[in-house]
Amino acid sequence: MTVNSSGQLGKRDDLQLVDGSKVAVIGGGPAGSFVSYFLLEMAERSGLELDVEIFEPRDFSCVAPKGCNMCGGIISETLVQNLAAEGINLPSTVVQRGIESYMLHMDVGSVRIETPVQEKRIGAVYRGAGPRDLKTSKWGSFDHHLERLTVAKGARVTRNRVVDVSFDGGRPLVTVKGGQPQSYDLLVVAVGVNSAALKLFTENGLGYKAPASTKTFITEYYLGEEVIERTLGDSMHVFLLNIPRLEFAAIIPKGDYASVCLLGESIDKELVQSFLDAPQVRACMPDGWATDPRSCQCSPKISVGAAIQPYADRLVFVGDCGVTRLYKDGIGAAYRTAKACATTAVFEGISEADFRRHYWPVCRSISTDNSIGKLSFTMTRQIQKWRFARRAVLRMTEKEQRRSGRHRDMSQVLWDMFTGSAPYRDIVTLAMHPRFLARFGWELFVAASPFSPTED
Amino acid sequence: MGKGELGKTYSDGEIITRQGDIGDCMYVIQHGQVQVLVEKDGVETPLRIAKEGEFMGEMAIFDHEERSATLRAVGEARLLTIDKKNFLKRVHSDPSLAFRLVQTMSKRVRDLSDEVARLRSTDD
């Protein structure tokens, strides 16, 4: 706080966005596009004219790896609804497949979990135009779609790499490859955790420390639309298998391809092969299916923590390089942090104190929820280890799916865990409900009983 | 329904929600058109045709009253449902999420005022 030009105790005038203020956004993925979109949207609502420039060297209309942002590509149920409420609808030219159910596969059996509203509200997308062996381009890129919406709002995209960031008189100076330093009023960093651009901020003494990360494995197998329809259908297939180091695995149907996503500890070729050889995985794929070594694959890092000091005067980090949700709904977290950042910048100010008071609480709530999420995944790991627990989960879910009614507690817990639709806090709250505990306790008892019928 | 289409598809003439039902969601038209009509003593009075991108049934978000009108698909229409509970939860943490909804309701109040004025001038 300081004394402003009108002589009152208030915010520093020079740390506010005004007509003609220049904003640089480094990174044109969802976080960068969302923050630019909402900066311009909020500015329009408050009668402010901003100059927003996005620096993104990649062209998301290209096939991978040139235009890909390396991600499972699921738009959660909550995000689809939130975007619709914002007036951002996702066309069928971008959504490769609407997901209407989840298939949970375990060694003790499989069960389908239907969406609670019998409606497709989860979108499977490609962040770029598709895998490198793409045969026919039938769908557009999600990131490219967002970028076009942002450009339609008035943002400019500079297809060049930022090679230096410095500060002059407190104002950020951004230098692109082969260019001169340009001064901005606000710098928004939305580079994720896989970009080399992150180093520009970890080594300049600003106090920023990137979030902790872990590696994932994603590969795209060509099956063809008809085969996808016959085998995977409109379901996302998730696997709880007792494979050491494997936390979570999913096969997502997208257009002509099946995306295989693995999360876990030190994922290597051996772990990937163990997963692909599992009979439950083979059963989902067409007869005689064999992996093609030429398939597009990547091992991107995902953030599993929160950044330290992701804001300063005229500088803020959004999306994965700030904080994201643990393992799920990263695009949803990008939307939330980007919107909180834009709202703060337009309506509150761009000082370190403004971001700490109005932006950081949103990041902190995601971070706190992730701590609860870690507890949920610890529980899931135990279920993965104990066969009788897996049988109990299967029996309880099967019973719920067979009957109509409101209290489909296990189905709801699994649905929210897999889809990322609800905060981990809500999932744990439901799982701690006496009704859930009583039912699950009974199923555990039955499953552990030596007289219980086996799935075999 | 195409594989990449989100929401639920209604065929021509299919009722999406009926006047008098208790609503716990609103809709956003993803594709096609929807007729808004009121029914009284078995007589249907069409009010307007809503188009792609429009919110429908939004009053259910804010009150516990019965639906004030029937929504019927005109041709094939695809609508996305927005749950009341989740929407209000998000609005609690991000009030600006309701901006477009308020904007829509504001436009509808303006349209209704114009309609009342037009009817009064006709009566005179």
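**Entry 1. Helices H1 and H3 of chain A**

I began with helix H1 (residues 30–45) and helix H3 (residues 142–153) of chain A, in what is a predicted model. I found that their axes come within 9 Å and cross at roughly 20 degrees. Because angles under 35 degrees count as roughly parallel, I recorded H1(A) as roughly parallel to H3(A). For the handedness, I noted that H1(A) passes H3(A) in a left-handed crossing.

I then listed the residues that make this contact. From H1(A) they are Pro30(A), Ser33(A), Ser36(A), Tyr37(A), Leu40(A) and Glu41(A). From H3(A) I wrote down Asp143(A), Leu146(A), Glu147(A), Leu149(A), Thr150(A) and Lys153(A). Sorted by class, the residues of the contact of H1(A) with H3(A) comprise 5 nonpolar, 3 polar and 4 charged.

**Entry 2. A sheet in chain A**

I next looked up an open sheet of 3 strands in chain A, and read its order as E5-E9-E6 with antiparallel pairing. I marked strand E5 (74–75) and strand E6 (97–99) of chain A as the edge strands, since each pairs on one side only. I followed E6(A) to strand E9 (residues 122–124) of chain A and found an antiparallel pairing over 3 bridges. Within E9(A), I located Ile122(A) opposite Ile99(A).

**Entry 3. Domains of chain A**

I consulted the domain assignment of chain A, which gives three entries:

- domain 1 is made up of 12–68 + 143–212 + 304–372;
- domain 2 covers 214–301;
- domain 3 covers 382–448.

I took the separation of domain 2 of chain A and domain 3 of chain A from their C-alpha centres, which lie 24 Å apart. To their contact, domain 2 of chain A contributes 4 residues and domain 3 of chain A contributes 5 residues. I classed the side of domain 2 of chain A that touches domain 3 of chain A as 3 nonpolar, 1 polar and no charged residues.

**Entry 4. Chain B against chain A**

Finally, I turned to the interface between the chains. I recorded 22 residues of chain B in contact with 23 residues of chain A. On the side of chain B that touches chain A, at least two residues each come from strand E3 (25–40), strand E6 (70–83), helix H2 (84–93) and helix H3 (99–123) of chain B. I noted E6(B) as the source of the largest share of that side, with 4 residues.

Key:
Residues are numbered from 1 along each chain as its sequence is written. Chains are lettered from A and ligands numbered from 1 in the order in which they are written. This is a predicted model: local features need pLDDT of at least 70, side-chain atom pairs count only at pLDDT 80 or more; totals for chains, interfaces and linings use all residues. Domain bounds come from an automatic or database domain assignment. Two residues are in contact if their C-beta atoms, placed from the backbone, lie within 7 Å. Ala, Val, Leu, Ile, Met, Phe, Trp, Tyr, Cys and Pro count as nonpolar, Asp, Glu, Lys and Arg as charged, and the others, Gly among them, as polar. Axes are lines fitted to C-alpha atoms, for helices over the stretch in contact, and angles run from 0 to 180 degrees between N-to-C directions. Angles under 35 degrees count as roughly parallel, over 145 as roughly antiparallel, 65 to 115 as roughly perpendicular and the rest as oblique. A crossing is left-handed if the near helix is turned anticlockwise from the far one by less than a right angle, and right-handed if clockwise. Two strands pair if DSSP finds at least two bridges between them.
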